[in-house]
Amino acid sequence: MSAYPSDPVKSKAKAAVVTSKQRAVGKAHTDQAYRWSSDRYSRQRRFVDIWGFVLSLMFRIWRYNKSWSYPGGITEAKQAQRRTAQAIWIRETFLDLGPTFIKVGQLFSTRADLFPSEYVEELSKLQDKVPAFSYEQAVAIVEKDLGKKIPELYKSFDPIPLAAASLGQVHKGTLHSGEEVVVKVQRPALRQLFNIDLQILKGIARFFQNHPEWGRGRDWLGIYEECCRILWEEIDYLNEGSNADTFRRNFRGYDWVKVPRVYWRYTSPRVVTLEYIPGIKISHYEALEAAGLDRKELAQMGARAYLQQLLNDGFFHADPHPGNIAVSAEGSLIFYDFGMMGRIKSNIREQLMETLFGIAQKDADRVVTSLVELGALAPTDDMGPVRRSVQYMLDHFMDKPFENQSVAAISEDLYEIAYDQPFRFPATFTFVMRAFSTLEGVGKGLDPEFNFMEVARPFAMQIMTESNGSDRNSFLNELGRQAAQVSSSALSLPRRIEDTIEKLERGDLRIRVRSIESDRIMRRMSSIQLLTNYTLLISAFTLSATILFVNGHVGLAVAVILVSVALGFVLIRQLMRLDRFDRMF
């Protein structure tokens, strides 16, 4: 949800204008585009819509590398243009498919290790600005969940929503005690839609998991389970209220951060009532300056607030876009919308220390080993390409001063290296990197000279100092372990050389040599021979069918031609496999 407007009168007018505009857009976009905005959903219709999108996407991906599909021949520029067009089409289709896919698209925008950068960039633009549902529906949900009529619950309840999103909308109200609040109401029948869509998506995940190309090295079922968990948590407003309370407690000692209070008497799984804290949206730069607020200081405060969440609390806002951060008249930061939060386990810091040692030493082997243990890297039979990628990354980044680093640039390079490699960045890591990049963009908007890394340096130094101070022996133990390992290897080296020579003399040492180029040529020759056989068979069956048809044996001709068509499909699949094999090498 977006930040609350500061002026209630203006907010009503603005909300009315926004709502009318959204309805006009929805109408112009045709009713078909928003057919998901309903109280009743057809499982069959959703099945057709969703699988229609998947099959269309598969066709577009298959056509991507076909030179005949590009007028004038294939070029890198044309391929890049097509990737961008496909990404825009995916984003617009996700919006048309409704809340489930809007949220899945937003989650996929954090998985640049799985999808091309153009897709990630477009999916990150997915906005929840959709038409509001009716006031009568909102009232029905509130009264059913809270068990009382609106006049008994609230002294006033604004019929015009302040903001509308794919999962719900926000209405302003006043309690009988006089406290101003905002009431977040979930979209009608949202759980029913989630149940239908997620059941269909599970079948799609299984299909991708078993796909010979897209399923290789990809845990699509694991990604599906992760998306389900996040989606169900986000539509549980009791969970959101608990998150808001935890976040508020973590910042209770900081007067420059404000978090809305939760009114639990007026909260249920589909309704949450929060304290109304008006503020200026952090990306409304002119309004901030008109209020006399220091934009440079606000940029620094935003970075410090997030680093506090991440490094000290281990509980952080996973979606800190400008709509979820505002500034009060006194200059305090206000956070909204706690449906999507991230947690960092206490043992992650210890596991990351091994990675930091490897990075500091530019030891790609050690970094790869630690990443495997962290679950960020999937082990494979041949880790050579991965080690080379990591070594390149270390050589590329470690020569630059820390202060000159850019979070967005680091993320982009990391994901570019990781894409199509066995890297599997956990959701927490990708949420953190996306949040860092978002905050860096917000900071630069407030202050063009803002450098997120410069703000982060004191926190990083503090953690290293605390780690060394609290467990100083850990570093000494590490040095001792390495020294013992080196000495042991040095002392055993002569004996190992002698054993190797003895095995050579006895003929017990076997050496296996594999020529990858020869293997590739042999596999290609075998595939070509198989394709030739299929072509001859298809030709023979087609000729036989023609002869049978000419002689009046129509039934037999149809049966033979069906066999020929089946062989044709097998031939096309073999051609695609051969094409993929050539691209791999």
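Me: Where does Ala 189 lie in this predicted model?

Reply: This is a predicted model, so treat everything below as computed from it.

Me: Is Ala 189 buried, partly exposed or exposed?

Reply: Buried means under 20% relative accessible area, and exposed means over 50%. Ala 189 has 22% relative accessibility, so the label is partly exposed.

Me: What is the phi of Ala 189?

Reply: Ala 189 isn't a glycine, yet its phi is positive. The value is about 60 degrees.

Me: Which loop holds Asp 337, and what is its phi?

Reply: Asp 337 sits in the loop between strand S10 (333–335) and strand S11 (341–343). Asp 337 is buried, because its relative accessible area is 16% and the cut-off for buried is under 20%. Asp 337 is not a glycine either, but its phi is positive, about 60 degrees.

Me: Which helix holds Gln 199, and is Gln 199 buried or exposed?

Reply: Find helix H8, residues 190–209, and you'll find Gln 199 in it. The relative accessibility of Gln 199 is 53%, and over 50% counts as exposed. So the helix is H8 and Gln 199 is exposed.

Me: How many Å apart in space are Gln 199 and Arg 43?

Reply: In sequence, these two are 156 residues apart. Leaving out residues up to four places away in sequence, Gln 199 touches Arg 43 and Tyr 224. From C-alpha to C-alpha, Gln 199 and Arg 43 are 9.8 Å apart.

Me: How many residues of H4 are buried?

Reply: The buried residues of H4 include Pro 99, Thr 100, Phe 101, Ile 102 and Lys 103. Val 104, Gly 105, Gln 106, Leu 107 and Phe 108 are also among them. H4 is therefore largely enclosed by the rest of the structure, and the count is 10 of the 10 residues.

Me: How are H3 and H4 angled to each other?

Reply: Helix H3 covers residues 76–97 and helix H4 covers residues 99–108. They pack with their axes 5 Å apart, at an angle of about 140 degrees. Roughly antiparallel would need an angle over 145. So H3 is oblique to H4.

Me: Which residues of H4 meet H3?

Reply: From H3, the residues in this contact are Phe 94, Leu 95 and Leu 97. Sorting the residues of the contact of H3 with H4 gives six nonpolar, one polar and no charged. On the H4 side, the residues are Pro 99, Phe 101, Ile 102 and Gly 105.

Me: What about H4 and H8: how are they angled to each other?

Reply: The axes of H4 and H8 are 9 Å apart, and the angle is about 60 degrees. Roughly parallel needs under 35 degrees, and roughly perpendicular starts at 65. So H4 and H8 are oblique to each other.

Me: How many residues of the contact of H4 with H8 are nonpolar?

Reply: H4 brings Pro 99, Thr 100, Phe 101 and Val 104 to this contact. H8 brings Leu 190, Leu 193, Phe 194, Asp 197, Leu 198 and Leu 201. One residue of the contact is polar, one is charged, and the nonpolar ones number eight.

Me: Which side chain makes a polar contact with the side chain of Lys 172?

Reply: Lys 172 is in strand S3, residues 168–174. At 11% relative accessibility, Lys 172 counts as buried. Its side chain makes a polar contact, at 3.2 Å, with the side chain of Glu 180.

Me: Which backbone atoms lie 2.8 Å and 3.4 Å from a polar atom of the side chain of Thr 267?

Reply: Thr 267 is in the loop between strand S5 (257–258) and strand S6 (271–275), and it is buried at 10% relative accessibility. Not counting residues up to four places away in sequence, it touches Leu 146, Tyr 237 and Thr 273, among others. At 2.8 Å you have the backbone oxygen of Tyr 263. At 3.4 Å it's the backbone nitrogen of Thr 273.

Methods
Residues numbered from 1 in each chain as written. Predicted model: local features only at pLDDT ≥ 70, side-chain atom pairs only at ≥ 80, totals over all residues. Heavy atoms only, no water. Axes fitted to C-alpha atoms, helices over the stretch in contact; angles between N-to-C directions. Helix = DSSP H or I, 4+ residues; strand = E, 2+ residues; numbered from the N terminus. Parallel < 35°, antiparallel > 145°, perpendicular 65-115°, else oblique. Contact = heavy atoms within 4.5 Å. Nonpolar A, V, L, I, M, F, W, Y, C, P; charged D, E, K, R; others polar. Buried < 20%, exposed > 50% of the residue type's maximum accessible area, 1.4 Å probe, protein only. Polar contact = N/O pair within 3.5 Å; in protein donor to acceptor, adjacent residues only side chain to side chain.
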